[in-house]
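The following exercises concern the structure shown below. Each consists of a task followed by a solution in steps.

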Amino acid sequence: MTAVPQDPLPGQAAPASVSTHVLDTSAGHPAAGVGVELAVRTGPRAPWQAHAASATDADGRCADLPALPAHAVQARLSFAVAPYLTGPAGEDPAGAARAAFFPEVAAVFAVAPGEHHHVPLLLSPYGYSVYRGS
């Protein structure tokens, strides 16, 4: 699903934007082919609304996530990491398949109009970390 970016009306802030990348810290390289879903909501208790879906490229990045709707106050990036961790790219140096202890990673964060939010995922078979990058 993709959204058409819209210019803000006079007096309105530019829409917020989101980008991400996934790095396989156990293998020391980007994680290609990881499915990523972006959802938004209008308040802390509002229901989530699907906004976009993508997959990481060879550099581990999602370059095609659309700008967020003006009313979004929170966003959620969901990473489907099980296929990556259990597939050929997820083999350890000895060639053994790794388990997907965390089959999915979700990161929920607050968004502000006009700001860019870069939220990388550092992934390993038994742990992960997310942070706000630049």
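**Exercise 1.** In this predicted model, determine which residue forms a salt bridge with Arg 132, and where in the chain the two partners lie.

*Solution.* 
Step 1. Arg 132 forms a salt bridge with Glu 115, and the closest N and O atoms of the pair are 3.1 Å apart.
Step 2. This pair links distant parts of the chain: Arg 132 belongs to the segment after strand S10 (127–130), whereas Glu 115 lies in the loop between S7 and strand S8 (116–118), 17 residues apart.
Step 3. Residues count as buried under 20% relative accessible area and as exposed over 50%. Arg 132, at 49%, is therefore partly exposed, and Glu 115, at 35%, is likewise partly exposed.

**Exercise 2.** State how many salt bridges a search of the whole structure finds, and describe the one formed by Arg 61.

*Solution.* 
Step 1. Arg 61 forms a salt bridge with Asp 59, with 3.1 Å between the closest N and O atoms.
Step 2. Arg 61 has a relative accessible area of 35% and is partly exposed; Asp 59, with 42%, is also partly exposed.

**Exercise 3.** Describe the largest nonpolar core and the surroundings of Leu 77.

*Solution.* 
Step 1. The largest nonpolar core has 26 residues, and those with the most contacts inside it are Leu 38, Leu 68, Leu 77, Phe 79 and Val 81.
Step 2. Among the elements giving two or more residues to this core are strand S1 (17–24), strand S3 (35–41), strand S6 (74–80) and helix H1 (82–86).
Step 3. Leaving aside neighbours within four places in sequence, the contacts of Leu 77 include Val 18, Val 36, Leu 38, Leu 65, Val 105 and Phe 109.
Step 4. For the protein as a whole, buried residues make up 37% of the 134 residues.

Note on methods:
Residues numbered from 1 in each chain as written. Predicted model: local features only at pLDDT ≥ 70, side-chain atom pairs only at ≥ 80, totals over all residues. Heavy atoms only, no water. Core = buried A, V, L, I, M, F, W, Y, C linked by side-chain atoms within 4.5 Å. Buried < 20%, exposed > 50% of the residue type's maximum accessible area, 1.4 Å probe, protein only. Helix = DSSP H or I, 4+ residues; strand = E, 2+ residues; numbered from the N terminus. Contact = heavy atoms within 4.5 Å. Salt bridge = Lys/Arg side-chain N within 4 Å of Asp/Glu carboxyl O.
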